[in-house]
Amino acid sequence: MKKVIALFVLSFLLSTLVSAETPQHYNYSTSGVGNNTLPLGTSAGSLVQWLIRPGELRYPTLAKTGKITNIYFLLIAILGPYDYSRVSILLGQTSLTSLPAGAFVTEHMDTVYHRDSITIHSNVVNTHWYKFALDNQFIYDSTKSLVIQLEHYGHSAGTASYIHAHTFLTDKRRNYCTIPPFLFSGQDAYVVHCGIDVTPFTGVESNQNSRVPKEFNLNQNYPNPFNPETVISFDLPKSGFVSLKVYNILGEEVATLLNETKTAGSYNVNFDGSSFSSGMYYYTLESNGFASTKKMLLVK
């Protein structure tokens with residue numbers, strides 16, 4: 001009887017731990033086709049890039065534009081501990097829906113996590129999420145693909161942690177190399193089971209990932225249609241006074257989102273339509289002689 005109680009308590013504690021480590025948004029509701037050795041199962045080190053398309057981080061709810069604070073990978077039950085050296089995670093965004101052939105994505109990739117050494121000790125007896133708390137929050141645009149790069153330069157002897165993956169029969173979704181220095185060595189259609197925690201934007205947020213834009217640009221709001229909140233993003237190639245206003249279908253101004261001087265850069269502005277009725281609205285950006293207007297639809 002004591003053994004039964006002990007097993008019940010252990011099962012409860014483990015299930016609680018797994019639940020506590022579940023990401024806010026992840027890309028697959030099933031375990032997929034199985035586990036994969038890249039990159040955590042290679043003793044000599046490995047670098048892998050995966051492409052996560054817009055809308056794929058949709059369980060249990062769709063990830064919205066915001067700041068990524070944590071990233072998760074789905075590991076199988078290999079307990080460890082395993083010591084890894086020079087572990088880094090880089091994130092980037094692109095309009096591509098398939099990785100380039102024969103090369104890693106290098107442009108606009110930002111290091112969000114690095115440790116000279118870490119120990120992965122999985123004390124969970126079943127498939128579970130493993131969380132990396134990011135050193136630097138990453139500004140995530142949910143309308144673009146997310147490129148995830150995970151690399152290490154070797155691990156201790158013995159069987160190592162494996163990552164669950166899901167395969168596609170078309171398109172290139174994973175680039176990899178198995179021996180440092182990390183020169184491109186292969187490409188296939190595997191996509192990692194991953195998840196993220198995202199803090200939504202409030203007010204005006206500077207996109208810290210971005211370099212100084214080359215030209216003015218006003219992007220389509222996301223999501224669109226929306227209820228009740230949406231994010232409007234824009235690019236400023238130079239500093240100056242910025243006006244961002246919202247108008248109704250009659251051309252009447254209903255909200256001023258920004259009316260101040262801003263430095264060059266990329267920005268995200270949250271618009272809350274809770275106090276507005278359903279319908280078509282327009283938002284206009286003006287700065288340094290540039291002016292652009294786009295439509296957005298509020299549906300309640």
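Start by selecting Trp 50, Phe 73, Tyr 113, Tyr 130 and Phe 132: together they make up one aromatic cluster. Rings of Phe, Tyr and Trp (for Trp, its six-membered ring) pair if their centres lie within 6.5 Å; planes under 30 degrees apart count as stacked, over 60 as edge-to-face and the rest as tilted. You're looking at a predicted model, where local features need pLDDT of at least 70 and side-chain atom pairs count only at pLDDT 80 or more, while totals for chains, interfaces and linings use all residues. Residues are numbered from 1 along each chain as its sequence is written, and side-chain values use heavy atoms, with hydrogens and water left out.

By the pairing rule, the count here is 15 aromatic pairs. Pick out Tyr 26 and Trp 129: their ring centres are 5.5 Å apart and the planes stand at 50°, so this pair is tilted. Tyr 26 belongs to strand S1 (residues 25-26) and Trp 129 to strand S8 (residues 128-140), so the pair ties together parts 103 residues apart in sequence. Strands here are DSSP runs of E, at least two residues, numbered from the N terminus.

Are these two buried or exposed? Buried means under 20% relative accessible area, exposed over 50%, and partly exposed in between (1.4 Å probe, protein chains only). Tyr 26, at 18%, counts as buried, and Trp 129 is buried with 11%.

Now go back to two cluster members, Phe 73 and Phe 132. Their ring centres lie 5.9 Å apart with the planes at 75°, so you have an edge-to-face pair. Phe 73 is in strand S5 (residues 66-75) and Phe 132 in strand S8, which makes this a link between distant parts of the chain, 59 residues apart. Both Phe 73 and Phe 132 are buried.

Next, show Arg 86 and Tyr 153. The charged end of Arg 86 sits over the Tyr 153 ring, 3.7 Å from its centre. That label needs NZ of Lys or CZ of Arg within 6 Å of the ring centre and within 35 degrees of the ring normal. Then try Arg 173, which lies over the face of Phe 168 at 5.0 Å from the ring centre.

Last stop: switch to cartoon view and find the open sheet of 6 strands, in the order S7-S6-S9-S3-S11-S12, with antiparallel pairing. Two strands pair if DSSP finds at least two bridges between them. At the edges, strand S7 (110-120) and strand S12 (186-188) each pair on one side only. Inside the sheet, follow strand S3 (residues 46-52) alongside strand S11 (residues 174-177): they pair in the antiparallel sense over 4 bridges. Zoom in on Gln 49 and you'll find Asn 175 of S11 opposite.
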